[in-house]
Amino acid sequence: MITYTWSISKLDCAPLENGLTNVVKIIYWGLTGTDENGVSASMSNSYPLSSPSPEGFTDYLTLTEEDVIVWLESNLDVGYIKTKLSNEIASQYNPPITSLPFPWIKVEEVVVEATEEPVVEEVVVEATEEPVVVEEPATKTLDDQ
């Protein structure tokens, strides 16, 4: 059996909208499913709310967490979210099919041991061509004439 727990992390509000104050516009929510062994999976997201009518408006200062959860449960596809969380928990017991490397191809592991002092390697680069010397052309001065 999986127990599901809602969490509300933040409410974004419009300070003033259609004569109403502190109108909740975005709910930031999370849902966690935990099985009897303590294995869990979580999902979080945000949900935008449409503008309320004055008759259906709940004053921000009187809101409860339960009110906000009711809004979420009446607007989100909670069955789908719970199924995803349930599948994630199940996959922790039975991991999904994965691709493994071929057993006939051996991969060498390279182990690099850390030292306390940095190691500096010297690299010697040898020139393969003779340096080119460019001679300046002779210039004449007025005295040379």
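## Surface and overall make-up

The chain exposes about 12400 Å², and carbon and sulfur atoms supply 54% of this area. Accessible areas come from the Shrake-Rupley method with a 1.4 Å probe, and for residues only the protein chains shown count as cover. This is a predicted model, in which local features need pLDDT of at least 70 and side-chain atom pairs count only at pLDDT 80 or more, while totals for chains, interfaces and linings use all residues. Residues are numbered from 1 along each chain as its sequence is written, and side-chain values use heavy atoms, with hydrogens and water left out.

The chain has two helices and three strands, in the order β-β-β-α-α along the sequence. Helices (H or I, at least four residues) and strands (E, at least two) are DSSP runs, numbered from the N terminus. Of the 145 residues, 17% count as buried. Buried means under 20% relative accessible area, exposed means over 50%, and partly exposed lies in between (1.4 Å probe, protein chains only). Among contacts with a separation of 6 or more, 58% are between residues 24 or more positions apart; contact means heavy atoms within 4.5 Å.

## Strand pairing

Strand 1 (residues 2-17) and strand 2 (residues 20-35) run antiparallel and are joined by 14 bridges. Two strands pair if DSSP finds at least two bridges between them. Within this pairing, lysine 10 stands opposite tyrosine 28 in strand 2. Strand 2 is also joined to strand 3 (residues 40-48), by nine bridges, and these two strands run antiparallel. In a regular strand the side chains alternate between the two faces of the sheet.

## The two hairpins

Strands 1 and 2 form a hairpin with two residues between them. Asparagine 18 lies in the loop between these strands and has a positive phi of about 50° although it is not a glycine. Most residues other than glycine have a negative phi, and most peptide bonds are trans. Asparagine 18 counts as exposed because its relative accessibility is 66%. Asparagine 22, in strand 2, also has a positive phi of about 50° and is not a glycine; with 36% relative accessibility, asparagine 22 counts as partly exposed.

The hairpin of strand 2 and strand 3 has four residues between the strands, and glycine 38 there takes a positive phi near 85°.

## Two residues in the strands

Glutamate 17 is in strand 1. Glutamate 17 is buried because its relative accessible area is 16%. Its side chain makes a polar contact of 3.3 Å with that of lysine 25. A polar contact is a pair of N or O atoms within 3.5 Å; within protein, one must be able to donate a hydrogen and the other to accept it, and residues adjacent in sequence count only if both atoms are side-chain atoms. Leaving aside neighbours within four places in sequence, glutamate 17 is in contact with Val23, Lys25, Ser51 and Pro52.

Threonine 34 is in strand 2, and its bridge partner in strand 3 is serine 40. With a relative accessible area of 28%, threonine 34 is partly exposed. Its C-alpha atom is separated by 5.3 Å from that of isoleucine 2, 32 residues apart along the chain. Beyond neighbours within four places in sequence, the contacts of threonine 34 are Met1, Ile2, Thr3, Val39, Ser40 and Ile89.

## An exposed tryptophan

Tryptophan 104 is in the segment after helix 2 (78-93). Tryptophan 104 is exposed because its relative accessible area is 63%.
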